Every structure is written in structure tokens, then in C-alpha cells.
Amino acid sequence: MLASRALSLIGKRALSTSVCVRGGHGVAKVEDYTLPAYSDKREDPLPSICYVQNLSADQKSLKEKEMGSWVALSNEEKIALYRISFKQSYAEMNQSSSEWKSVFGGILFLMGVTGLLVMWQRKYVYGPVPHTFDPELKAKELQRMLDMRMNPVEGLASKWDYESKQWKK
């Protein structure tokens, strides 16, 4: 009984997988991002694949010519062979770009927009400065704190000389 049950389970599984394959749903498609990709990087000088994957007729004949002596190849043919395998040379990879200018311009633009936003907020969002920020009121507040001897151990009162009515030196 156990053997017949195991065989029926194996038969069902084999049947279900074969039906799936026959139905066109069983084989998973390999996604492009799982395949090796070409990239020019100084850190990785030899990419996994060649730059040109689908060769033209001229490139195929050049590849066949490559199998022979390299002395017979002209400089243009050697450069064309190099360009089949690589997109850029080290000199081209190390060449500085002017991308920093656009980044710097974008930063300056955003700083300008932020400045305009701050000025707009100061004019339309915030109210006038409270009267408690006037220098006269600040001086009166300081005098009151000294008169009340606020925080005499480490605060303002500890730094004020009450006899000479001056700040301690």
C-alpha cells in the first residue's frame, strides 16, 4: 500500500511537470539582468563580454584575419579589433568630464530657490519681530535676572560682581 501510494505520487508529479513543460509554462525565461553585461570601468579592466555582440560581415572577416599573424594587420584594423572588444580605452575612461559644471549649477540653482523661499516666508508667513527682542527690553531682562540673583552657582549671577556692579574678570 505504501509503495503504491509513493508510486502514484511520483507519477502525479512527473505527469504534472511534463504537462507544464509541454504546455509552454515550465521553462523559465532568463532575464536580461542575470546575464553578464558590458561595462567600462577602471576597477574592472576586462569585462565579462565583448562590447560588440552581433558582428557585421566586415567585423567577422576582421576576426578571422585576427587568427593569423598580427604583423599583417594595419593599425586601423588593430584599432577596429580593439573597438569590437572594448568601447573606450584607458585614456578615454580617465578623461575628465564637464559633468561637475551641471552639478554645481544645479546646486547654485537650488540654493537660489531656497533663498527666494526664505525671503518670501519672512515677508508673508512670519509676523513682525516681537517687542521682547528690543535691546532696551533685553537690557531690562538682564538687569532683572541679576537683581533676582538667578543661578548664582554657574549662571549669570556667578559672573557678576554685585559690589562693584561689573562683570567679573
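Visitor: Which residues are exposed on the other side of α3?

Guide: Asn-75, Glu-76 and Ile-79 are exposed there. One caution before we go on: this is a predicted model.

Visitor: And which residues of α3 are buried?

Guide: The buried residues of α3 are Leu-81, Ile-84 and Ser-85. Look down the axis of α3: these buried residues fall within an arc of 95°, so they line one face of the helix. Asn-75, Glu-76 and Ile-79 belong to the other side.

Visitor: What covers the buried residues of α3?

Guide: The cover includes helix α2, residues 57-66.

Visitor: Why does Ser-85 count as buried?

Guide: Buried means under 20% relative accessible area. Ser-85 has a relative accessible area of 18%, so Ser-85 is buried. Its place is in α3, which spans residues 75-85.

Visitor: Which residues does Ser-85 touch, leaving out those up to four places away in sequence?

Guide: Ser-85 touches Tyr-38, Cys-50 and Tyr-51. With the same exclusion of residues up to four places away, Ile-84 touches Cys-50, Tyr-51, Val-52, Leu-55, Gln-59 and Lys-63. Cys-50 and Tyr-51 are named for Ile-84, and they are named for Ser-85 too.

Visitor: Which residues make up the largest nonpolar core?

Guide: Five residues: Val-52, Leu-62, Leu-73, Leu-81 and Ile-84. Leu-81 and Ile-84 are also among the buried residues of α3.

Visitor: Let us move to α2. Is Lys-63 buried, partly exposed or exposed?

Guide: Lys-63 is in helix α2. Its relative accessibility is 24%, so Lys-63 counts as partly exposed. Leaving out residues up to four places away in sequence, Lys-63 touches Leu-55, Leu-81 and Ile-84.

Visitor: How far apart are the C-alpha atoms of Lys-63 and Ala-80?

Guide: They are separated by 9.8 Å. Along the chain, Lys-63 and Ala-80 are 17 residues apart.

Visitor: Now charges. How many salt bridges does the structure hold?

Guide: Four. Let us read some of them. The test is a side-chain nitrogen of Lys or Arg within 4 Å of a carboxyl oxygen of Asp or Glu.

Visitor: Why are Glu-66 and Lys-63 separated by about one helical turn?

Guide: Because they are three residues apart in helix α2. Glu-66 is partly exposed, at a relative accessible area of 22%.

Visitor: Which residue meets Glu-77 in a salt bridge?

Guide: Lys-65 does, with 2.7 Å from N to O. Lys-65 counts as partly exposed, at 39% relative accessibility.

Visitor: Which residue pairs with Arg-83 in a salt bridge?

Guide: Glu-92 does. The N to O distance is 2.9 Å. Both partners are partly exposed: Glu-92 has a relative accessible area of 32%, and Arg-83 has 30%.

Visitor: Next, the surface. Which residues make the nonpolar surface patch of about 650 Å²?

Guide: Trp-100, Val-103, Phe-104, Ile-107, Leu-108 and Met-111. Take Leu-108 as the case to read. Leu-108 lies in helix α5, residues 99-125. At 44% relative accessibility, Leu-108 counts as partly exposed.

Visitor: Where does Arg-149 lie?

Guide: In the loop between α6 (135-147) and β1 (160-161). Arg-149 is partly exposed, with 48% relative accessibility.

Visitor: What is the phi of Asn-151?

Guide: Near 50°, a positive value in a residue other than glycine. Asn-151 also has its place in the loop between α6 and β1.

Notes. Residues numbered from 1 in each chain as written. Predicted model: local features only at pLDDT ≥ 70, side-chain atom pairs only at ≥ 80, totals over all residues. Heavy atoms only, no water. Core = buried A, V, L, I, M, F, W, Y, C linked by side-chain atoms within 4.5 Å. Buried < 20%, exposed > 50% of the residue type's maximum accessible area, 1.4 Å probe, protein only. Contact = heavy atoms within 4.5 Å. Helix = DSSP H or I, 4+ residues; strand = E, 2+ residues; numbered from the N terminus. Arc of directions from axis to C-beta. Patch = residues over 30% accessible without salt bridge, like charges linked within 9 Å, V, L, I, M, F, W, Y side chains within 5 Å. Areas by Shrake-Rupley, 256 points an atom, 1.4 Å probe, with all protein chains shown as cover.
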